[in-house]
Amino acid sequence: MLPSAALVLPLSLSRYGIVVVGSANYDFTMYVKRLPLPGETRMGSSLESSCGGKGANQAVAAASLLPPEAVHILCKVGSRNDTFGNEILSNFQKTHVQYDKNTVYAEEETTTITGNAQIIVDETTGENQICVFPGANSKLTPQHVRDYFTSRLTPPAVVLVQLEIPRDTALEALKQGKRVGALTILNPAPISTDDPLVNEFYKYCDLIVPNEIELSSMVGEQCPGIDEKEEVLVKRAKCLLSKEGSITSAIIITRGSKGATIVEKQTESTTDIRDLVYTVQASHNLSFKD
């Protein structure tokens, strides 16, 4: 069943495109027969390197659906001589993700390197362990966000934010998104139960997209695993939607191979993410590729 009309917020047709404010990393992924236990050394069967980061990944994914130049990313990589950073920017060019060539480098400190992630994947189950070094991502500031939105000639339709950048920067991106009338979306990863700004995000966020573990952290609970019953997830999501001062209309809980559960302020329904994407497309007059 498709989500109700209450989920899709009205946007002026003069607004266009998506702005992603988030991380850009270079990833190293090792595949193993079994994930290592604490203190255990495991031998890998293969190693891959690739452009990554939650922000960059979402920008590239969005650009694959939208016309050229529709997706912009505000991020930071290392200096102009940083090999990993230049590979990320080259990938943006290939995938039609727009960025500001004058501000993307973190050159205030020449020793700052592009963020990177070390990923270990169980090749049998697909489960993984991830450690992220923020590097240049930590240099993206609230002032960078304010300057970016001030310089835009037309406001975006959607502002998408994740938490691999400083928390105050992510919050500022959501604030700026609401200031210009955009639909604001938060992917709250990574997040912890003691995050000091967690209760501020709801005031500026239309849509939140956590996985099961992140949802538990946001309500201050420990998640015992990723196979909890849907009614438990719905109860947690309702708790977030009832937060004082919250403007959040819906929470989409991503559940891996099980799809996603959508919880709205008025009704609850389970749907395929693709249905939601095309509902937003039609309501906001965004032109998606087939």
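**Notebook: backbone, packing and cavity**

I looked up glutamate 69 and found it in the loop between helix H1 (54-63) and strand S4 (71-74). Helices (H or I, at least four residues) and strands (E, at least two) are DSSP runs, numbered from the N terminus. The model is a predicted one, in which local features need pLDDT of at least 70 and side-chain atom pairs count only at pLDDT 80 or more, while totals for chains, interfaces and linings use all residues. Residues are numbered from 1 along each chain as its sequence is written, and side-chain values use heavy atoms, with hydrogens and water left out.

**Entry: backbone angles**

I noted a positive phi of about 75° at glutamate 69, which is not a glycine. Its relative accessibility is 55%, so glutamate 69 counts as exposed; the classes are buried under 20% relative accessible area, exposed over 50% and partly exposed in between, with a 1.4 Å probe and protein chains only. Histidine 96, also not a glycine, has a positive phi of about 65°. I placed histidine 96 in the loop between helix H2 (83-95) and strand S5 (97-98), where it is partly exposed with a relative accessible area of 40%.

I then checked proline 190. The peptide bond that reaches it from alanine 189 is cis, with omega near -5°. Proline 190 belongs to the loop between strand S9 (183-187) and H5.

**Entry: overall make-up**

I recorded eight helices and 13 strands for the protein. Of its 290 residues, 48% are buried. Among contacts (heavy atoms within 4.5 Å) with a separation of 6 or more, 68% join residues 24 or more positions apart.

**Entry: cores**

I looked up the nonpolar cores, each a set of buried Ala, Val, Leu, Ile, Met, Phe, Trp, Tyr and Cys residues joined through side-chain atoms within 4.5 Å. The largest has 35 residues, and Val21 and Val161 touch the most other members. Elements giving two or more residues to this core include strand S1 (18-21), strand S8 (158-162) and helix H7 (230-241). H7 provides the largest share, five residues. Valine 161 touches Val21, Ala170, Ala173, Leu174, Ile185, Leu186 and Asn187, leaving aside residues up to four places away in sequence. A second, separate core holds 32 residues, including Ile73, Val97, Leu160 and Ile262.

**Entry: valine 19**

I found valine 19 in strand S1. Its relative accessibility is 0%, so valine 19 counts as buried. Beyond residues up to four places away in sequence, valine 19 touches His72, Tyr148, Phe149, Arg152, Pro156, Val158, Val159 and Leu160. Glutamine 98 is 79 residues from valine 19 in sequence, with a C-alpha to C-alpha distance of 9.3 Å.

**Entry: helix H1**

I listed Gly55, Ala56, Ala59, Ala62 and Ala63 as the buried residues of H1. They cover an arc of only 130° around the axis, which means that they are on the same side of H1; the arc is taken from the directions from the helix axis to the C-beta atoms. An α-helix has 3.6 residues a turn, so residues three or four places apart point the same way. The buried residues of H1 pack against S1, strand S3 (46-52), S4, H2, S5 and S8.

**Entry: cavity**

I searched for cavities, each a set of points on a 1 Å grid over the protein atoms alone where a 1.4 Å probe fits but cannot get out. One cavity of 30 Å³ or more is present. Ile73, Leu74, Cys75, Tyr99, Asp100, Thr103 and Val104 line the largest cavity, lining residues being those with an atom within 4 Å of a point.

Notes: On a 1 Å grid over the protein atoms alone, a cavity is a set of points where a 1.4 Å probe fits but cannot get out, and a pocket is an open set with protein on both sides within 12 Å along at least five of seven lines; lining residues have an atom within 4 Å of a point. Grid points are joined across faces, edges and corners, and a volume is the space filled by probe spheres set on the points.
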